[in-house]
Amino acid sequence: MRDAQPKAIYLKDYQQPDYWIERTELTFELADEYTLVTAQLDLVRNDQAKDGAELLLAGQDLELIGLVLDGQALTAEQYELGEESLTVKGVQQRSRLEIKTRIYPAKNTALEGLYRSGGMYCTQCEAEGFRRITYYLDRPDVMSVFTTHIIADAAQFPVLLSNGNLVADSVENGLRNVTWHDPHKKPAYLFALVAGDLRVKEDRFTTMSGRDVALKIFVEPQNIDKTDYALDALKRSMRWDEEVYGREYDLDIFMIVAVDDFNMGAMENKGLNIFNSSCVLANPATATDAAYQRIEAIVAHEYFHNWSGNRVTCRDWFQLSLKEGFTVFRDACFSADMNSATVKRIEDANIMRTVQFAEDGGPMAHPVQPDSFIEISNFYTVTIYEKGAEVVGMLHKILGKEGFRKGSDLYFDRHDGQAVTIYDFVQAMEDANHVDLTLFKRWYKQAGTPVVTVSSEYDADARQLHLTLSQRCPDTPGQRHKLPQWIPVQLGLIGADGNDLAIQVEPSTAWTESSQVLHLTEAEQTFVFSGVTEEPRLSLFRDFSAPVKVEFEQSDDDLLFLLQHDSDGFNRWDAGQRLLLNWINTARSGSFELRPEVREVFARLLADESLDPAMVSCLLTLPSEAYVAEFSAQVDPLAIHAARKQVQQAMAESLSEEFAACYQRLQSAAPYAPEPAQMSARSLKNLALAYWVKGRTDGLTQALTQYRNADNMTDQMAALVAVVNSGDAAQAEQLLADFYQQWAKDSLVVNQWLSVQAGSAELGKVEFIQQLLTHTAFDWRNPNKVRSVLGAFANQALCHFHREDGAGYRLLADAVLRLNDSNPQIAARLLTPLTKWRRLVPELSELMKAELQRIMQHGALSKDVYEVVSKSLI
């Protein structure tokens, strides 16, 4: 057992540092065995600090070679070296400190700081990776102007990159020496360095003021043909940010580098974005439509950070959602503009309901602005990102498009070059719109998912509808007795003819006509709608206007009506999901059959060529098992799996002819293009194929044909998945072998191959997963490989992960312990499925809890793993 518990850090204890760093000059000498780092720091004492204050720097896994303060080498008496700190005495009002350290990037398996990925050097410094490079004030409120020199073997590392603009480049005695200068102040977490033998794809972009910007994407030689789409997405992102937010790029060059070994998706380092290769590389043969859309969104997200995160950054890590929530909102709006806004909203709501609501209901529940943490890496969560984005989206609903733009303009203008707080952002919205958002701020400080209960009464004589809404928020760890929040309820009243009725509301102050939003601000409120000529059907929380759970009794007939007629696309989908959820719950208690009148509605949807095919695909996709679990008081994963499978089979068999006809209608001879109309058609075509395979034997024949004839990865992968899930083990084994033989040399495609198997209810048994973990294609050091197998198994193959003897839990716990030392971040993130033990049926709950207890008894847990396990067992 560990000797001492890691200490928590609290927001209430925030203090400015005793010193600031005006300028940072770094020199990296890259050698095979190690790297020498020389840091020259121009220090300025904080006016709030005492004279003679000591300088406390953070450092981790560093070998200190020497210290020079104001030209004088320091003796051991003049500094104090701690396990993860360096304290320097005698620092003046203004001083220059030179620090020389030796680091070992090839041994850095945590993938934080400077490390090796294949033959490449690269960095990941957010949140606290820079302290693995040199001793530093590694905190986001310390912003400095960086100059970086890199010296390396010119033949081995022809590409040497860092932040800012290239200002010097020379070769002497076989060594290349480059200098990069970033004129914009930034915190250390935005520092980046890349060195390697890379190829580059180049383009240009002219900003709205006429400035010429060089765009470059650097990749390993074999991947140069996979850069076109990311480059196009980058240009579209730059133009969109100018048009929608008035934000222009501010350097002469913007660079992206693709890296295979990366803990996260991508990193917005100033001028030098570093991307997980899975989030930037694509061509039709190797990437699915979903991969293209993910690349588009992530390229946009990281670019948008240039303003919402880089030019204006966080004062401390408790403000993480200031940059991440706002930027996720921005990239979601961009994706909605580039593709189907309705489908994008459905995807976002699905993530919230499946993943974020689960986090809100679990032991790691935390507000959008947390009060404390042990390890900040554990708070790069769906609450900080996706819920944070929903909170910003509610501000957009409340203020309107023009009001929100006024607020964001003021925010950027007021705080450019500063490290600020979430409340500075809200204050700018208040000041620009002359509105009091005090009540709204509770969204940032209260954890948990609010529950809105709905009741209505129609008075035909008075032609009035009385709508009563009440809100409550369940207790979460460390928070009880929640206060009412400001909840925007976008709604419509639908008449018998399927059209929206006119709305007049009392009190009128609670209604925003332009956005059709009702403002729920108290624990319970009753709103009166006048002039309602017939009893309407209610369409509530249109466009997923607030991240809440809704308790509202509506019959299957009402839901079927909304599915057909609601003018809000999101609520059409929501009605369908609630209907399908009812069917799954019915199947859990007995057999299920599709009623003829319901079958006809779904048949018409499949045949309706006026509808967006992607929308129809969403309407006909069953809620996932994880989604169903979130709407269950007690979770029985095996019962949910069996019931969902029964409903899926009933739909497949009852609508088999319609699915086959839909598939044939959407077949296209047009060359593949990753553009919205084609992607939309393929999404429905391949959903129809999956149902067809389940419903009729000739569906399997068609899937095999599609696999053999596919000219793109979307169709090939869809066919492979359909065959794997068909239950025909022999055909599945043959296709999987063929697929691997075809793509064995492409790591990203092989990752898809691993995920298809690990996440399959047909194949993903514990013993099979153990075999995959020993496959030559698997590598414990690569986070993408780990996620492809263990992540897919624990989050998708739920019927096997929740095996009755607990073997699935043991497998995951063993993996966490194995990764605890080498890559604590990935180990902690793998733990999430094990944190849900309290909600499971008792026999599974005890088995899962036992694995958490076993991990807790491990002698040397990382802070990352310790925090998640200890909080899960409280």
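Is Lys216 buried, partly exposed or exposed, and what is its relative accessible area? Lys216 is partly exposed, at 23%. Here buried means under 20% relative accessible area, exposed means over 50%, and partly exposed lies in between (1.4 Å probe, protein chains only).

The model is predicted; local features need pLDDT of at least 70, side-chain atom pairs count only at pLDDT 80 or more, and totals for chains, interfaces and linings use all residues. Residues are numbered from 1 along each chain as its sequence is written, and side-chain values use heavy atoms, with hydrogens and water left out.

A salt bridge was assigned where a side-chain nitrogen of Lys or Arg lies within 4 Å of a carboxyl oxygen of Asp or Glu. The count comes to 64 salt bridges. One of them pairs Lys216 with Glu202 (3.9 Å, N to O). Lys216 lies in strand β18 (residues 212–219) and Glu202 in strand β17 (residues 199–206), so the pair ties together parts 14 residues apart in sequence. Strands (E, at least two residues) and helices (H or I, at least four) are DSSP runs, numbered from the N terminus. Glu202 is partly exposed, at 46%.

Arg345 and Glu390 also form a salt bridge (2.6 Å, N to O). Arg345 belongs to helix α4 (residues 341–360) and Glu390 to helix α5 (residues 383–415), so this contact links parts 45 residues apart in sequence. Arg345 is buried, at 15% relative accessibility. Glu390 is buried as well, at 8%.

Glu767 pairs with Arg803, with the closest N and O atoms 3.0 Å apart. Glu767 is partly exposed, at 40%. Arg803 is partly exposed, at 25%. Salt bridges that share partners join Lys344, Arg345, Asp348, Glu390, Lys397 and Asp543 into one network.
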